[in-house]
Amino acid sequence: MSAPDNVGPHFPASADSLCTGHSEPDVNGLPLYKELCISAEQAYEQYETRGNLKVLEFAIRSFRLAMEATEDDNPYKADIIANLGVSLNTRFECVGDLQDLEEAISLEQLANALTPDDSPAKHSRLSNLAASLFSRFGREGRAEDLEEAIELLTRAVELVPDGHVDKPTLLNNLGNSLYMGFEHSGSAYDLEKAIELQTCAVELTPEDDPKKPMWLINLGSSHVLRFKRLGNLEDLERAIVFERRSVDLTPDGHPNKPGYLNNAGGSLQTRFARLGDFADLERAIVLYTSAVELTSDGHLGKPMWLNNLANSLQDRYEHTRDAKDLEKAIAHQFRAIELTPDGHPDKPARLNSLGARLHTRYKQFGNLDDLNQAIAHYTTALTLTPEGHHDKPSRLRNLSNSLHTRFNEAGNVPDLEEAIRCSTWSVELTPENHAERALSLRLLGFLFFTRLCSPHAHADDAPRAMEALLEAMQHLTSPPLERLQASVLYADVLTEFSHLFTTPPQLSLLEAWKHAISLVPQCIWLGNNVRGRYTSKELSIVHTAVNEAATAAISAGEYGLALEWLETGRAVVWSQVLQLRTPLDDLQRVHPQLAERLHNVSQALHLAASGSPSMSTRIQLPSSSHDIQAPSSHGYALEYNKLISTIHELEGFEDFLRPKTLSQLAGACASGPVVVIIVHKSRCDALVLCRAGDVIHVPLPDFSLLDAMAIQKLLWDSLRAKRLLSRCRGDMRDENDDRGGRVTAMDPPDLMRGLLAMLWNMVVKPIMDVVCTLVPPSNTLPHVTWCPTGPLVFLPLHAAGIYPSDDRVSVPSQTIMDLAVSSYTPTLEALLKPRTKVTPAGQDPRVLIVSQPASPLAINNPIPGTTTEAIIVMSLVGESKPLDDANGTVQAVLEGMATHEWVHLACHGIQNRMDPTNSAFILHDGHLTLSELMSHHLPNADLAVLSACQTATGDEKLSEEAVHLAAGMLVIGYKSVIGTMWSISDYVAPDVMKVFYTVMAEQVKAGGELQPAYALHEAIKVLRRSSGRGGMNDFLRWVPFVHFGL
């Protein structure tokens, strides 16, 4: 991604630079030059508020006439000359005519020479001349102009006492010059001093001062630059706040408004690049678009606005793969370059961005001409970039990347050699503490690895790759994701080429993976809302890394370590939500104030994650119908991380909220063994966690990732053909007709029988052969909880087995249901809740019963069976509250869930494929979505029965995250959840629930620990034995019912 361009620091005219001198009436009234100056000053002020270029032209003509009408010995001559210079510089900033700038510098030098050092106007002369010199530096890059500007402004600041009305302006201008000094030389002192001076300017300026927005935008720019250098997120958050205030304080129609909008968009885009919150990118695009639309083609800032809009559109393309965004980005980029004159300091950046767009289009469509043009533009941009420029390393990386791409395409060895040379140079130019150093090092390590894998390997490629990657892994100021990816690559090099090392590497393979896993909690930013976290690229990278790490640990015989790592990296978002709800009793007893702060910040983060409007502020865009939401959750996330770090330093709290150890995870086996299945491209294994904390390894040599993917595809294609992954709960009597098409020659029963047999033979039977030896003999079936990964998440392990083709044939079956009662869990930690208890014996739980036989939102798909089902449930439970038809509103259901231990939802359910957080129960007046559920916490909740469709289906793209309604109910507090893997029959559900609640009622009457998994097991057994609506071979009817949790 190309970084957005910030507007360069704004240098306004000093407060008293536009002056008409003292009143000195002539005998016939005011002298001509004074009348002209008054008219000119009024016109200039009008331009500043309205941005009308014709008014500025009038001001310039009037000042010029006034200068010509003034005698050389007139004491006000210097004022008039200075004002004309300021006006010409203003027109240059708008139009870009270098003649205006050169004349402005000449006039301001003359005005400065005519003004004695003890004049009250001296500081204004110095400041205005510095501003024009700065403008020329920005256009032509003359270092001497910048140095002189800094000297002039330093003198000006020294001349003005504290409390002077111009002090903030001068502090701002000096800060801006030092900002540019940092960009030119990379001096950290210049940037720190710039922020110090700009902060003083902001603090000394009243809120209603028209210059306040400019000071804020400049201070924001400096914080963004420091963030890019050091990677401290607090800098970026401050910048976003400053820029938002600047936009809010600037009236519509102000000539600076587009620039402020551009900068605000740039910071949001930068935060998107760092944290992956897609909402930030969408806001940035709106802001950039507004800046472009408010600016004429002749304006000097237009190319920058276009460049940044193109950057953001490419970022969105990378996220959505909408080719229209990419084409628009390329068109805007060409236009930005056309509007940027040769020799302009920003020309290299625009060419670099064009190279990025064309490189991206090559990767999408494979047109080699695009790649060659990208390399040409990258090369030109690099050639035009002066030595010492802070963007030189990133442009070297871009050229190196594109050369590597062409090497892969054409096999041209000089391309690879040049890529390594450019990457090496990039590392050399990147300061030790720069936030992008790990990125440069990782690329260099990757290129050495690439050459190592080719026939052109050098003898030292392996150690050089490891050296670069090790430094990248340990570079603390770089983003965690970069460091994690470097760790993964380090492990890859070690795995593939360990035989090349004559001495042991500094980190062993497992140590490298341990380092990667330690970074996982930092990679998924807690400040993003839940939807943003699920759609971030980071999540996919984390899941892949964790799977690789666990497989490496298994290969090394470290089975407990593999389990700990899997627990750290699976269902990451759910774990973060649960972390925010962790009881703070121990902390409260020892450090009550710290506990209260953590509680308050956690609550704020929890609300912000679900998109609560109360956690947002708004920016109103000029002349637009758009609102830009600016969530404050990022600030809360920073505060949360600080508090956790503080707590970790306290005695006895070193492991507070850290990932669970194996001994802690063993508590998940209170009701029976937990089976974690790892599916990897190189091998498949099961790890059986026992109550004592032992981990038994069960290899699955006859099963592979390809097998899992093939079985899932067969199953889901069949379910889609029968509309069982798309329709809501309803009548399945037409299940065997051909309306949905067929994906196989087999009928659904034959297909399901074959799939369940494959799962049995290749996966479940080998595991159960071991599990059965671990469980003591008993009259009660053992309880096994499955925690699968990868494609296995979507497969019915609980129904695996060999089923006879005819129910009437007395051939004994071999199935998991004959050997154990099955449950599922998204993570081991989800099983560490207090056990489900009812005391004293016979005390009935309060049950909320929701039924929606004919929701207005599903009017074409009535489900009358829900009425029957609700009546059955009410007859079998004690204290209950029905919410049927119009009573079943979203609000009423949420309120009822808060006051009832059990909830029964008999309604339509949907798994949203586009946005899984919008998966929902369809109620009378709206959708009760997963994201809405997540904003609630029900500590007294016990059992949720989701008699709806697809409540445990999940999302194919997020197999490791369990993004479905059943998992959501676990997260908000329910200990046991009954869900469905696909759509269910409205005619079967009441039968299942009748048996289920009959068994549950018996358990309640007996008192003690409730076992919903056994109740569901019994209900499915009855359904399988029945004729008509079930039967053993009517798989699509009974298989979808599953139990999650305790």
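I began with Asp-885, which is partly exposed because its relative accessible area is 36% (buried means under 20%, exposed over 50%, partly exposed in between, with a 1.4 Å probe and protein chains only). Asp-885 lies in the loop between strand 12 (880-884) and helix 34 (890-899); helices (H or I, at least four residues) and strands (E, at least two) are DSSP runs numbered from the N terminus. I noted that phi of Asp-885 is positive, near 50 degrees, although the residue is not glycine.

The model is predicted: local features need pLDDT of at least 70, side-chain atom pairs count only at pLDDT 80 or more, and totals for chains, interfaces and linings use all residues. Residues are numbered from 1 along each chain as its sequence is written, and side-chain values use heavy atoms, without hydrogens and water.

I then looked up Gln-950, in the loop between strand 17 (943-947) and helix 36 (965-972). Gln-950 also is not a glycine and has a positive phi, of about 60 degrees. Is Gln-950 buried or exposed? I recorded Gln-950 as buried, because its relative accessibility is 2%.

Next I searched for disulfides (pairs of cysteine sulfur atoms within 2.5 Å). A disulfide is a covalent bond between the sulfur atoms of two cysteines. I found zero disulfides in the structure. Cys-907 counts as buried, at 0% relative accessibility, whereas Cys-200 is partly exposed, at 31%.
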